[in-house]
Amino acid sequence: MIKSIRYILTGILFGIIMSKSEAVSWYRIQEMFRFQSFHMYGIIGSAVITGIITIFLIKRYGLKDINGTTITFQDKALQWKRYFTGGIIFGLGWALTGACPGPIFVLLGQGFPVMLLVIAGALLGTYTYGVIKDRLPH
Amino acid sequence: MLLMTILDYIRQPWPWYASGPAIAAIMLLLVFFGRSFGVSSNFRTICSLAGAGKKVPFFQFDYKAQYWNLLFLAGAVAGGFIASHWLSSPGALQLSAATIRDLQALHIHFDGLTAPSQLFGSGVLLTAKGWIIPVAGGFLVGLGSRYAGGCTSGHAISGLSNLQLPSLIAVTGFFIGGLIMTHLFYPLIF
């Protein structure tokens, strides 16, 4: 039970951060893809720099997680086609909906019920990937 | 008094240099809980929960181990609700004048909200196009994120923070796709 609460609370925090940063805004995503503001680049850039430094320190000092297990990070297998092609398909959808998966749910909470259609579409897209997966180049 | 001052401060839109590290903190919090930050995998979990595994092997996996991520997702919805009801910014979104102009040329009017009600308000349900855009956009997000093995959270934040080349390839793809949609397809769609 207490374990469930920690994920819900982290999610709530995430929803608030994404809302207040305006990273969930369709307009901010348009601004980004039109190179008309530094805001989104600043957010992603400073998030990644913070992440790089902290993950380096976690590895360097062999820090442990809440269960007492030493934290490890899995390397992703190096493939080109799936990451690049999949990435482009994702990007097309990202710019069309102005939201990536996290923000889709945050926006639903903000009171945009149309996001339910986006979620339905995303489930359909995920299902389609599962069906045609073996026929796609990876 | 102090609480109100703090609340007023939080209600302002957050600058990028506060937002980025805060997002990284979410990733680190999940890492500390022995998990990893990636939102799009929830779509696979939901498909499995709905019984997709009966027909498609891709959905046969230990989805019960992913319940924590669904809780995170539920929290994100609640967080959006809290932010819009009690922490909303005092003014309209400060969008760059150039973007407002560009969108105007596409007949999309800037209304100062998070997303244009013209495209994401309930009124869109009256037209076929109003249904097609969110469903098609969602479809591309779902298909693309699973094909690429992650989305903005899994690749751009978690992957790049761990210096993963595959994530850099994926993020490059994200941007190419976004630029194609914005600059080539938007003028055709809108």
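This is a predicted model: local features need pLDDT of at least 70, side-chain atom pairs count only at pLDDT 80 or more; totals for chains, interfaces and linings use all residues.
**Ground rules**

I number residues from 1 along each chain as its sequence is written, and I letter chains from A and number ligands from 1 in the order in which they are written.

**Entry 1: chain A as a whole**

I looked up the secondary structure of chain A and found six helices and zero strands, where helices (H or I, at least four residues) and strands (E, at least two) are DSSP runs numbered from the N terminus. Read along the sequence, the pattern is α-α-α-α-α-α. The C-alpha trace of chain A spans about 40 × 40 × 40 Å along its principal axes. Of the 138 residues in chain A, 57% count as buried; a residue is buried if 20 or more other C-beta atoms lie within 10 Å of its own, exposed if 12 or fewer, and partly exposed in between, with C-beta atoms placed from the backbone. I also looked at contacts in chain A with a separation of 6 or more, and 43% of them join residues 24 or more positions apart; two residues are in contact if their C-beta atoms, placed from the backbone, lie within 7 Å.

**Entry 2: where the chains meet**

How many residues does each chain bring to the contact? Chain A brings 99 residues and chain B brings 105 residues. On the side of chain A that touches chain B, H4(A) gives the most, with 16 residues. By class, that side of chain A has 53 nonpolar, 36 polar and 10 charged residues, where Ala, Val, Leu, Ile, Met, Phe, Trp, Tyr, Cys and Pro count as nonpolar, Asp, Glu, Lys and Arg as charged, and the others, Gly among them, as polar.

I then looked up the largest nonpolar core, which has 88 residues; such a core is a set of buried Ala, Val, Leu, Ile, Met, Phe, Trp, Tyr and Cys residues joined through C-beta atoms within 7 Å. Among the residues with the most contacts inside this core are Leu107(A), Met115(A) and Ile157(B). Leaving aside neighbours within four places in sequence, Leu107(A) is in contact with Val24(A), Ala99(A), Phe112(A) and Met115(A), and also with Gly80(B), Thr114(B) and Ala115(B).

**Entry 3: H5 and H6 of chain A**

I noted that two packed helices are described by the angle between their axes and the distance between the axes. H5(A) and H6(A) pack at an angle of about 145°, with their axes 9 Å apart; axes are lines fitted to C-alpha atoms, for helices over the stretch in contact, and angles run from 0 to 180 degrees between N-to-C directions. Pro101(A), Ile104(A), Leu107(A) and Leu108(A) in H5(A) meet Met115(A), Leu116(A), Val118(A), Ile119(A) and Ala122(A) in H6(A). The residues of this contact divide into nine nonpolar, no polar and no charged.

**Entry 4: two covered helices**

In H2(A), eight of its eight residues are buried, including Trp26(A), Arg28(A) and Glu31(A). The buried residues of H2(A) pack against H3 and H4 of chain A, and also against H5, H6 and H9 of chain B. After H2(A) comes Phe35(A), whose phi is positive, near 55°.

H8(B) is followed by Leu163(B), whose phi is positive, near 55°.

**Entry 5: Tyr147(B)**

Not counting residues up to four places away in sequence, Tyr147(B) touches Arg82(A), Thr85(A), Gly86(A), Ile89(A), Tyr129(A) and Leu136(A).

**Entry 6: the record**

For "transmembrane region", an unreviewed UniProt entry lists residues 39–58, 83–106 and 112–132 of chain A; positions are given in the numbering used here, feature names are shortened, and annotations may be inferred rather than shown by experiment. In the model, residues 39–58 of chain A are 100% helix and 0% strand, with the end C-alpha atoms 28 Å apart. Residues 112–132 of chain A are 86% helix and 0% strand, and their end C-alpha atoms lie 31 Å apart.
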